[in-house]
Amino acid sequence: MNSKIKNDRLLRALRRQPVDATPVWVMRQAGRYLPEYRKLRKQAGSFLALCKTPDLACEITLQPLRRFDLDAAILFSDILTVPDAMGLGLQIIEKQGPHFETPVRTRADIDRLPVPDPEKDLRYVMDAIRTIKPALADAVPLIGFAGSPWTIATYMVEGGPSKEYALIKGMLYGDPESLHSLLAVVSDAVTVYLNAQISAGVNAVQIFDTWGGLLSQPAYCEFSLQYMQRIVEGLQADANGDKVPVILYSKGCGQMADRIADAGADAVGLDWTVDIGEMRRRVGARVALQGNLDPAVLYAPAEVIRREVAGVLEAFGPHNGHVFNLGHGIQPEVDPESMAVLVDAVHELSRPYHCS
Ligand code: CP3
């Protein structure tokens with residue numbers, strides 16, 4: 001494996017190889033907690049304008065890397081670009097979140113859904129990757145991503161964020177065949193989309209299954225994990241013929257970590273409700289683990305952030321295969337200075353775990 005990435009801690013950790021310090025990146029590391037993000041969003045007019053303009057998506061991707069010693073960049077985009085390209089008409093409404101003009105409610109709606117051609121219908125994402133890669137100059141790896149079919153489907157059926165998820169859960173128990181058809185077409189769309197991201201140059205991919213935790217364990221396996229596994233099996237190698245590492249993050253599903261490991265992931269993303277040390281004992285060295293600091297720790301003073309970082313590192317222990325992250329995305333109210341404290345604490349406090 002001779003990756004030309006200069007800081008390859010993330011890729012090494014995902015492959016459970018030794019590193020000098022634990023790599024760290026943060027979900028939503030580019031976003032509203034950064035004043036330079038808010039300024040550019042205002043200038044562009046909207047979040048979607050940022051996503052759909054490759055130069056702006058590139059600029060936003062790089063913003064956190066200019067401030068913090070992060071070990072990875074993550075493509076600036078959204079998981080809902082895929083259903084947008086399937087024709088549902090995405091809007092992101094300030095303070096409310098995503099909204100679809102034409103949600104999917106009936107069998108006929110599902111049967112009409114196309115599998116978008118990423119280089120045509122999502123070309124702005126591929127162009128963003130092709131702009132970011134030279135701008136990064138191989139300093140750190142670029143993470144690509146997509147939503148899990150289940151999580152994307154919740155938005156497609158509900159039409160936006162939901163409290164009870166009554167429509168999609170009604171479909172799950174009342175008309176599972178239709179839900180399976182929907183999940184199958186979204187899986188195909190996500191597979192070709194991630195393969196196009198790999199061709200465009202991403203070095204690792206994460207599948208965000210934010211709503212996996214809504215499901216009972218059997219339903220999680222049938223309606224979420226099964227489709228993520230299908231996607232992982234359909235992923236191609238990179239331009240050098242190397243396997244691109246995959247991180248599966250199912251929020252609220254720590255108890256399923258060994259099943260997720262069996263699905264072919266290189267890493268399992270954990271939220272903060274589980275003990276990462278116990279998870280490591282359960283999955284062994286089969287997969288890397290990513291996580292899992294409570295995002296709310298970033299509201300606390302520096303010494304508390306350092307103490308909590310130390311706790312996660314100690315829980316994981318002196319093993320290969322840890323990628324430090326929050327257990328979910330960073331919140332808009334966080335002081336950027338707290339992010340600097342976090343990143344520096346991970347590097348500094350993890351070194352003793354990596355000396356042999
Ligand atoms: O991590 C990164 O820095 C990359 C960018 C990224 C965004 N969304 C930018 C974004 C990523 C990886 C996502 C994934 C995403 N999008 C998920 C899964 C991860 C998670 O957070 O659970 C989900 C469920 C979505 C759907 C989505 N997009 C929601 C629910 C919202 C609104 C809620 C919110 O946080 O405002 C969005 C909009 C969105 N996506 C914003 C950003 C920075 C905020 C838009 C703004 O600037 O107002």
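Mentor: A residue is near a molecule or strand if one of its heavy atoms lies within 4 Å of it. This is a predicted model, where local features need pLDDT of at least 70, side-chain atom pairs count only at pLDDT 80 or more, and totals for chains, interfaces and linings use all residues. Residues are numbered from 1 along each chain as its sequence is written, and side-chain values use heavy atoms, with hydrogens and water left out.

Trainee: How many residues surround the ligand, and which are the closest?

Mentor: The ligand is surrounded by 23 residues, with Arg28, Arg32, Tyr37, Arg41 and His328 the closest.

Trainee: Which polar side-chain atom lies 2.8 Å from an oxygen atom of the ligand?

Mentor: A polar contact is a pair of N or O atoms within 3.5 Å; within protein, one must be able to donate a hydrogen and the other to accept it, and residues adjacent in sequence count only if both atoms are side-chain atoms. Here the atom belongs to Thr210. Of the 870 Å² of accessible area (Shrake-Rupley method, 1.4 Å probe) that the ligand has on its own, the protein covers 89%.

Trainee: Where do the side chains of strand S4 point?

Mentor: In a regular strand the side chains alternate between the two faces of the sheet. Strands (E, at least two residues) are DSSP runs, numbered from the N terminus. Leu142, Gly144 and Ala146 point one way from S4, and Ile143, Phe145 and Gly147 the other way.

Definitions and conventions
Buried < 20%, exposed > 50% of the residue type's maximum accessible area, 1.4 Å probe, protein only. Helix = DSSP H or I, 4+ residues; strand = E, 2+ residues; numbered from the N terminus.
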